[in-house]
Amino acid sequence: MEDPLIIGNKRFNSRFILGSGKFSLEMTDAVIRNGGVEIATLAIRRANKGGEEDILDYMPEGITLLPNTSGARNAEEALRIARLARELGCGDMIKVEIIKDSKYLLPDNCETIRAIKMLSDEGFVAMPYMMPDLSAARAMADAGAAAIMPLGAPIGSNKGLLTKEFIKILVEEINLPVIVDAGIGRPSQACEAMELGCAAVMANTAIATAKDVPAMATAFRMAIEAGILAYLSGPGRVLEDRGEASSPLTGFLGRL
Amino acid sequence: MPLIKVDAEEYYDNMERLPTDLMDQVLALTKEFDPAKYTSSDVVRALEKDHLLPEDFAALLSPAADPYLEKMAERARDETRRHFGNSVCMFTPIYTSNYCTNQCVYCGFNCKNQIHRAKLSIEEVDTEMKAIASTGLTEILILTGESRTMSDIEYIGECIKVAAKYFSSIGMEVYPMNSDEYRYLRDCGADYVTVFQETYDPKRYAELHLGGPKRIFSYRFNAQERALRGGMRGVAFGALLGLGDFRKDAFSCGMHAYLLQRKYPHAEISFSLPRLRPCISNEKDDNPVHERQLLQVALAYRIFMPFAGETISTRECKDFRDNIVGLCATKISAGVCVGIGGRAEEEKGDEQFDISDPRSVEEVRKALVDKGLQPVFNDYVRV
């Protein structure tokens, strides 16, 4: 069942977007291979061109880089980091992360909307990390976002789809790929996101904190594949745990 | 400027007064904190919580938590991995001047000490920094003794401008200053400010800081807040454990950081873990804070504020440092000289304290890799 993911004007077969930076750079290649990953994010703050331990040196040939604006606290800073990413040869895709809260690392939707407008005006394929709020998502779509990346739970928490109901609304209402970004802690949760109709799942901590990092990448690939297949197969309705009335509620119609 | 000030709260004319009650809050909470009142069930309850409250942090610092050190280490390691993965940032300090106008009884730079005083010229700073940059490091911490005449704001600014040529992240650990001065140094290229309160007990503070502007407890206390108002990105806190009651000092230090982050949510917070070590002013090593106690404090900071950075100093030995980075510390110094100069140039001035881990950048990097950790040379983009 072919169902490519299209972001900007690029086609991808994989729906597993890999985060980086939380596991040893030497493992990057194995994780990407096991996960069947085609898009990997990286923090521009970790790039160290010409220096030691440059994350860019570890990204295999052929991978699409999705640099993020980690460290930006407002739209202007995000724009400057995006330009830097372009100069470093990372291409035009940019994951917009604007965070003014050092404790929970929750995104600032208002600044992000502003940033999307500035970035798309400069030809970037902007993908905002956001709180799953419908109005904000619409504004981001209007500002030119190429996809939206709502969080499932606080970043690094591995708590899964705590925002599930809101993500379902975004999937239904926004005509852009919806990619669950943060909080996914288990392959089963990634599978669930795909069953809901999300376009892709991004994970980092869930893999980085596994005992066997490359093996967990395999588990995520399989779960994501199962999820998208289930979604495309049109899952049957799950009966709610409700009792049935002993006599039909519309039985009175016959007695009229 | 008189050297000895009788009143520890007598501000100099040029010192900015901030309208803030942060210090009063921290001191009031510390006054209430009685380490002896906590029980093992308080500790267990704290460790079971997702997000800890100040009361839980207090329990983890209490003697009742000592038998739970292993449990604390497990929780701390998990938090560290969730927030930082296996990455550990590397940096090094550079001391550019050891002239000091303060009289801190425990410090090697004490103005009454007969030590070799020196200050690097800007050309020498450039040569030293170039040598440091050749090791691959991209983060530097600039330190001076506290002398507004020998290392004035302009001098520090020039050092920072030189650093900006070679490094992507620049910290400074110099005397506390006013918001506009912090803003000027930020504009020169500085990113974060470290100020150790040393001890948070005002009475003990007055006994230890006999003279110089450092004697003014509240001006020092509010330095981080002024730095944030001046536009600095991050601030670091530290109590020099062993000067006063270390549990109370660690509690105050944690609350200082916690309350300031609540007031300035964007601020990047980090803790340093200095412990009193032998030096010219303090030759005996009789600190009641042993490695076990230091670890308890380090773990408690991590569990209470899992997002905060933690820096482990070369005051500690190699084995302690190599183990603590896997558990809670996220930043480690390497290739350290605590004298004035000494990398590219011959050392011109004496050290502030003795270091216990003289390893080079390459040796520390290798030790991290051997432990399955990821040495990070660059973690900052100046925008």
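Of the 256 residues in chain A, 49% count as buried. Buried here means 20 or more other C-beta atoms within 10 Å of the residue's own; exposed means 12 or fewer, partly exposed is in between, and C-beta atoms are placed from the backbone.

Some ground rules. This is a predicted model, where local features need pLDDT of at least 70, side-chain atom pairs count only at pLDDT 80 or more, and totals for chains, interfaces and linings use all residues. Residues are numbered from 1 along each chain as its sequence is written, while chains are lettered from A and ligands numbered from 1 in the order in which they are written.

Let me start with chain A as a whole. Its secondary structure comes to nine helices and ten strands. Helices (H or I, at least four residues) and strands (E, at least two) are DSSP runs, numbered from the N terminus. The radius of gyration of chain A is 20 Å, close to the 18 Å that the globule rule gives for 256 residues, so chain A is as compact as a globular protein of that length. That radius is taken over C-alpha atoms, and the rule is 2.2 Å times the number of residues to the power 0.38. Along its principal axes, the C-alpha trace of chain A spans about 85 × 40 × 35 Å.

Now contacts. Two residues are in contact if their C-beta atoms, placed from the backbone, lie within 7 Å. Take contacts in chain A between residues at least 6 apart in sequence: 61% join residues at least 24 apart.

Next, one helix in detail: α6 of chain A. How many of the nine residues of α6(A) are buried? Seven are, so α6(A) is largely enclosed by the rest of the structure. The buried residues are A:P187, A:Q189, A:A190, A:C191, A:E192, A:A193 and A:M194. They pack against β9 (179-180), β10 (200-203) and α8 of chain A. Just after α6(A), A:G197 takes a positive phi of about 105°.

Stay with α8. The axes of α6 (residues 187-195) and α8 (residues 213-232) of chain A come within 7 Å and cross at roughly 25°. Axes are lines fitted to C-alpha atoms, for helices over the stretch in contact, and angles run from 0 to 180 degrees between N-to-C directions. α6(A) and α8(A) are therefore roughly parallel to each other. The cut-offs: under 35 degrees is roughly parallel, over 145 roughly antiparallel, 65 to 115 roughly perpendicular, and the rest oblique. α6(A) passes α8(A) in a right-handed crossing.

Who meets whom? On the α6(A) side, the residues include A:P187, A:A190 and A:M194. On the α8(A) side, they include A:F220, A:I224 and A:Y231. The residues of this contact divide into 13 nonpolar, two polar and two charged. For those classes, Ala, Val, Leu, Ile, Met, Phe, Trp, Tyr, Cys and Pro count as nonpolar, Asp, Glu, Lys and Arg as charged, and the others, Gly among them, as polar.

Two loop residues in chain A deserve a look. Most residues other than glycine have a negative phi. A:E53 has a positive phi, near 50°. A:E53 lies in the loop between β4 (39-43) and β5 (64-68), and is buried, with 21 other C-beta atoms within 10 Å. A:L105 also has a positive phi, near 55°. A:L105 sits in the loop between β6 (93-96) and α3 (109-121) of chain A. Buried or partly exposed? A:L105 is partly exposed, with 19 other C-beta atoms within 10 Å.

On to chain B. The axes of α3 (residues 54-61) and α11 (residues 246-263) of chain B come within 10 Å and cross at roughly 150°. That makes α3(B) roughly antiparallel to α11(B). The crossing of α3(B) with α11(B) is right-handed. In α3(B), B:P54, B:F57, B:A58 and B:L61 make the contact, and among their partners in α11(B) are B:F251 and B:Y258. By class, that contact has eight nonpolar, one polar and one charged residues.

One strand residue in chain B: B:T144, in β3 (residues 139-144). B:T144 counts as buried, with 26 C-beta neighbours inside 10 Å. B:T144 and B:V174 are 30 residues apart in sequence, yet 5.3 Å apart in space, C-alpha to C-alpha.

Last, where the chains touch. The contact takes 29 residues from chain A and 24 from chain B. On chain A's side, α2(A) gives the largest share, four residues. By class, that side has eight nonpolar, ten polar and eleven charged residues.

How values were computed:
A crossing is left-handed if the near helix is turned anticlockwise from the far one by less than a right angle, and right-handed if clockwise.
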